[in-house]
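Trainee: I've got a structure open and I'd like to learn how to read it. Can you walk me through it?

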Amino acid sequence: SFKSFTHFLSHSLQAKMSRPVQARRLEGIDKNIWVEFVKLAATYSKVNLGQGFPDFPAPDFLTEAFRRALGGGNHMLHQYTRAFGHPPLVKVLAQFFEKLLGRDLDPMTNVMVTVGAYQALFCCFQALVDEGDEVIIIEPFFDCYEPMVKMAGGTPVFVPLRPNPPKDGRLMSSADWQLDPAELASKFSERTKAIVLNSPNNPLGKVFSRGELGLIAELCVKHDVLCISDEVYEWLVYDGKQHIRIASLQGMWDRTVIIGSAGKTFSATGWKVGWVVGPDRLLQHLRTVHQNSVYHCATIAQEAVAQGFQRELTLYGKPESYFIQLPKELQQKRDWLVQSLDGVGLKPIIPEGTYFLVADISQFKSDVPDDPNSDEPYDYRFAKWMVKNKGLAAIPLSAFYSEAHKNNYTNFIRFCFAKEEATLKAANDILQKWKQEKTSS
Amino acid sequence: VEFTKVAADPSIVNLGQGLPDISPPSYVKEELAKVAAVDRLNQYTRGFGHPSLVKALSQVYEKVCGRKIDPLTDILVTVGAYGSLFSTIQALIEEGDEVIIIEPFYDCYEPMVKMAGAKPVFIPLRCKNGNSASSADWVLDPAELASKFNSKTKAIILNTPHNPIGKVFTREELQVIADLCIKHDTLCISDEVYEWLVYKGNKHIKIAMLPGMWERTVTIGSAGKTYSVTGWKLGWSIGPEYLIKHLQVVHQNTLYTCPTPLQEALAQAFWIDYKRMDDPDCYFYSLSRELESKRDRMAQLLKEAGLKPVIPDGGYFMIVDVSTLNVDLSDVDEKQPYDYKFVKWMIASKKLSAIPLSAFCGPETKKQFEKYIRFCFIKKDSTLDAAEVILKNWNKQTG
């Protein structure tokens with residue numbers, strides 16, 4: 001019969017679905033810089049200053065806490081904990097952020113634990129952004145903001161940080177990259193649902209000043225807009241600068257979700273423990289997304305991070321605090337890398353925070369000639385060439401720009417300096433050798 | 001979420017939420033202790049799954065399935081099987097689609113389908129011949145099932161072994177579903193988290209292995225259920241590259257990577273059991289033997305208390321018909337289904353908790369299932385001892 005013939009046919013051909021399988025929400029969000037560049041680094045790099053993770057160990061007190069939890073005989077740590085956050089962790093986070101924000105926090109309703117800050121961002125966009133909503137994103141931006149806004153059906157609206165090079169010939173600082181207040185104001189419309197703020201900023205390292213935050217806050221209040229505040233690098237600020245939390249500004253607590261990361265706070269990116277802090281009226285919706293997507297986060301890592309925070313709570317403000325020691329160490333590494341790059345003619349933009357540094361590669365362009373036929377921005381081609389031929393991995397700055405603006409800044413690449421001295425020295429060796437090859441050729 | 005608050009009260013014997021209170025095997029805990037000492041394992045790993053883990057998974061499942069599984073393209077590691085369900089549904093389901101859900105169902109299927117903008121279409125398992133002594137007595141009516149498929153049907157969600165009933169779908173039953181999937185060009189999302197927990201006389205069959213099904217099935221597994229480590233929250237989706245790649249896109253836009261140390265420890269545990277997959281001591285088989293005796297003990301206790309358990313062929317849940325006790329709760333809140341009221345009454349008066357079955361049903365079938373509650377029996381002996389005391393004294397206190 002015809003039925004059994006088609007039955008046989010589809011069986012023997014092992015036929016795929018004949019209709020389109022994927023959901024339309026995936027349109028335009030399938031490309032991902034990290035998938036490509038992580039693979040390249042894994043294949044070619046001798047020195048990896050690309051993806052943002054430390055190559056020095058997580059602090060002993062943290063790994064000790066992990067071991068203690070495992071050895072403690074409480075095997076229920078291998079089972080589900082509270083879905084919205086392991087009680088010891090949400091409690092200590094509430095205590096910690098109460099101090100920092102100067103307000104009372106309920107660990108059950110003002111804090112939620114997520115699978116890294118990445119999932120916190122996802123919960124924010126899914127919970128708070130709908131089709132027809134606009135979300136303002138400041139360029140350059142951590143690349144996931146754009147696809148996440150799109151996946152939620154929203155429209156990203158971009159506003160750039162613009163470089164104002166210092167007149168006195170000194171090296172640029174991330175502070176020299178600024179928003180134009182009139183330009184920022186023009187991006188707010190009645191469709192604007194939220195603005196994403198990332199301070200300290202990845203990739204530039206900019207630490208927004210009180211004045212700059214005040215400007216953003218005023219606009220949020222005026223237009224009744226939410227603020228998704230990605231503060232994962234909150235402890236990594238240098239030169240005595242202060243990280244200011246926009247949620248502490250007038251009118252902002254009630255419209256802000258603050259995002260944090262144990263990975264960045266405690267140099268343990270592989271643990272994937274993050275959190276959100278905010279008013280219950282916003283967090284209740286993030287909880288809905290969380291319970292319908294991931295539900296629980298792994299217990300044992302949360303237990304260890306809670307211990308880590310307990311320690312920091314007792315040592316807060318003291319010199320032994322990891323939150324004081326880590327930025328001190330990283331500042332030295334920053335300065336070392338700045339010198340290293342400047343020494344060979346790559347112009348670093350000195351970051352005020354984070355463990356990233358962007359450098360101008362104009363002086364090194366001769367190795368990678370322009371190619372008008374290429375569909376890739378120049379810095380992508382440069383970074384790929386550099387990892388393949390020099391074994392040094394870095395990330396092109398245009399990875400942090402929207403499609404429309406990818407060709408605005410194509411002479412910059414981003415380095416991560418959360419690396420052992422030996423790694424930074426090895427990077428320097430590569431750069432020195434490269435410089436020599438150029439001058440002698 | 002509602003019923004897990006009960007778990008915090010130590011005076012209540014908690015047979016509700018599906019989490020083991022038995023210890024995971026010692027080598028699993030040891031592997032995690034070992035990884036804590038390795039620095040690089042505290043940093044990011046490969047987004048779609050830690051290399052040693054996807055390699056181990058591909059080996060284990062190649063052996064089970066008898067087909068080649070590419071660790072990099074055919075597998076995605078997720079935050080629990082829950083995360084796999086989410087990634088699959090977000091990747092492949094959208095507005096305008098219909099998704100068939102078999103009732104009773106693990107409660108997240110419905111909200112996840114709705115969140116994707118699609119319409120859930122329910123079909124109940126029905127007790128054949130009015131007899132419900134075993135999970136095998138609960139079946140789908142083939143004509144009724146066929147009537148649920150139409151041109152909008154994008155997928156059917158299959159859960160075998162089944163939570164909450166414990167049904168292990170037979171080859172014939174799977175073939176009926178497969179035939180319809182092929183005929184209507186539908187996907188199959190196969191939640192097989194309890195795949196190793198099948199009891200004597202039963203065999204877990206993967207629908208993806210039926211002819212014509214590999215190319216339209218995403219099969220979901222769970223470390224939590226495999227190794228009694230629900231708190232590790234690691235799961236996986238396995239399927240053909242052209243489907244898995246869309247799940248990977250969702251994953252890279254939702255949480256990007258899963259925790260490294262847990263994935264490494266899991267990989268090591270898998271290697272240990274992979275090497276002894278032909279040996280009865282392999283944890284995949286030894287756990288189910290351990291649970292079978294707990295199942296039998298639980299069933300016996302429930303019967304002695306006058307309750308009617310439905311003996312599961314798989315999984316670690318057992319549903320129980322409580323109507324035989326004739327507990328009159330008509331004066332309690334009328335809007336709530338009977339089983340919700342019964343569980344609340346049982347918690348308060350017997351200090352024993354379970355989950356009401358109507359939590360696992362769509363709106364139309366709540367009445368059909370409201371005389372059942374679900375017990376979890378992956379519990380240590382002392383927990384079952386405490387449950388025994390309550391059940392043995394049950395009739396003395398009933399009034």
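Trainee: Let me start with one side chain: is Arg245(A) buried or exposed?

Mentor: Before that, some ground rules: this is a predicted model, where local features need pLDDT of at least 70 and side-chain atom pairs count only at pLDDT 80 or more, while totals for chains, interfaces and linings use all residues. Residues are numbered from 1 along each chain as its sequence is written, chains are lettered from A and ligands numbered from 1 in the order in which they are written, and side-chain values use heavy atoms, with hydrogens and water left out. Now the general idea: buried means under 20% relative accessible area, exposed means over 50%, and partly exposed is in between (1.4 Å probe, protein chains only). Arg245(A) has a relative accessible area of 9%, so it is buried.

Trainee: Which residue does Arg245(A) form a salt bridge with?

Mentor: A salt bridge here is a side-chain nitrogen of Lys or Arg within 4 Å of a carboxyl oxygen of Asp or Glu. Arg245(A) forms one with Glu231(A), and the closest N and O atoms are 3.8 Å apart. The two residues are 14 apart, both in the loop between strand E8 (226-230) and strand E9 (256-261) of chain A. Helices (H or I, at least four residues) and strands (E, at least two) are DSSP runs, numbered from the N terminus. Glu231(A) counts as buried too, because its relative accessibility is 1%.

Trainee: What is the salt-bridge partner of Lys206(A)?

Mentor: That's Glu212(A), with the closest N and O atoms 2.8 Å apart. Lys206(A) is at 1% relative accessibility, so it counts as buried.

Trainee: And where is Lys206(B) found?

Mentor: Look in the loop between strand E8 (187-191) and strand E9 (217-222) of chain B. Lys206(B) is at 7% relative accessibility, so put it down as buried. For its side chain, think polar contact: a pair of N or O atoms within 3.5 Å, where within protein one must be able to donate a hydrogen and the other to accept it, and residues adjacent in sequence count only if both atoms are side-chain atoms. The Lys206(B) side chain makes one with the side chain of Glu195(B), at 3.1 Å. For plain contact, the rule is heavy atoms within 4.5 Å. Leaving out residues up to four places away in sequence, Lys206(B) touches Tyr61(B), Val64(B), Cys65(B), Glu192(B), Glu195(B) and Thr219(B).

Trainee: What domains does chain B have?

Mentor: Domain bounds come from an automatic or database domain assignment. For chain B it gives domain 1 (5-24 + 282-393) and domain 2 (26-275). The C-alpha centres of these two domains of chain B lie 25 Å apart. The area buried between domain 1 and domain 2 of chain B is about 3300 Å², of which carbon and sulfur atoms give 59%. Pro24(B), Phe284(B) and Asp313(B) supply 24% of the area that domain 1 of chain B buries against domain 2 of chain B, more than any other three residues.

How values were computed. Buried area = accessible area lost by both parts, 1.4 Å probe.
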